[in-house]
Amino acid sequence: MARKKSPHLTESELRLMEVIWQQGSATVARVAHALPKSLGLAYNTVLTTLRILEDKGYLRHTTAKDSRAFIYSALVSREQASRRAVRLLLSRFFGGSAKALLLNLIEDEKLDDAELKRVRELLRAFI
């Protein structure tokens, strides 16, 4: 049975989005060149992943006037994607409760004094 398509970013999709966000727009070749060589991703793999990202609504492509190469640009900002990821995390692991997530972070993480101070300031601002 075919795997269900997820509207959320996979790790490999996120790597490609990071390149697009950094460069503003890029061809398949530029994205492939910007990725770490240790990943060993072939041009066709990068192309397929960019097409998947376009199908998911994260990217769009245009054609360069002087060539046939597609130029991909982001439709979703890094901030929008991170908000989507946080909402997914909230719904999957914390029953939609931001409070539960925040408590988990504070209890589990070793926050330094500056980070704790910032959390307190933010909480005061929202209370």
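In what order do the 3 strands of the open sheet stand? Select them and read across: β1-β3-β2, with antiparallel pairing. Helices (H or I, at least four residues) and strands (E, at least two) are DSSP runs, numbered from the N terminus.

Before going on, note that this is a predicted model: local features need pLDDT of at least 70, side-chain atom pairs count only at pLDDT 80 or more, and totals for chains, interfaces and linings use all residues. Residues are numbered from 1 along each chain as its sequence is written, and side-chain values use heavy atoms, with hydrogens and water left out.

**Stop 1**

Now select β1 together with β3 (residues 70-74). These two pair in the antiparallel sense over 3 bridges. Two strands count as paired if DSSP finds at least two bridges between them. Pick alanine 26: tyrosine 72 in β3 stands opposite.

Move to the other pairing. β2 and β3 are antiparallel over 5 bridges. Here, arginine 60 faces serine 73 in β3. Follow the chain between the two strands: β2 and β3 form a hairpin, with 6 residues between them.

**Stop 1: the helices on the sheet**

Select helix α1 (residues 11-23). α1 lies across β1, β2 and β3 and runs at about 90° to β3. Contact means heavy atoms within 4.5 Å.

**Stop 2: glutamate 13**

Zoom in on glutamate 13 in α1. Is glutamate 13 buried or exposed? Glutamate 13 is buried, at a relative accessible area of 5%. The classes are these: buried is under 20% relative accessible area, exposed is over 50%, and partly exposed is in between (1.4 Å probe, protein chains only).

Show what surrounds this side chain. Leaving aside neighbours within four places in sequence, glutamate 13 is in contact with His8, Thr49, Ile52, Leu53 and Lys56.

Take threonine 49 from that list; this residue lies in helix α3. Threonine 49 is buried too, with a relative accessible area of 12%. Not counting residues up to four places away in sequence, threonine 49 touches Glu13 and Leu16.

**Stop 3: the salt bridges**

How many salt bridges are there? The count comes to 3. The rule asks for a side-chain nitrogen of Lys or Arg within 4 Å of a carboxyl oxygen of Asp or Glu.

Start where you are. Glutamate 13 and lysine 56 meet through their side chains in a salt bridge (2.7 Å, N to O). Glutamate 13 is in helix α1 and lysine 56 in the loop between α3 and β2, so the pair ties together parts that are 43 residues apart in sequence. Lysine 56 is partly exposed, at 22% relative accessible area.

Next, select glutamate 18 and arginine 78. Their side chains form a salt bridge at 2.6 Å, N to O. Glutamate 18 lies in helix α1 and arginine 78 in helix α4 (residues 78-93), so this pair joins parts 60 residues apart in sequence. Glutamate 18 is partly exposed at 28%. Arginine 78 is partly exposed at 34%.

Then go to helix α6 (residues 113-126). Glutamate 121 and arginine 118 make a salt bridge there (3.7 Å, N to O). The two are 3 residues apart in α6, separated by about one helical turn. Glutamate 121 is partly exposed at 33%, and arginine 118 is partly exposed at 46%.

**Stop 4**

Remain on α6 and select leucine 123. Leucine 123 is partly exposed, with a relative accessible area of 37%.

Notes
Axes fitted to C-alpha atoms, helices over the stretch in contact; angles between N-to-C directions.
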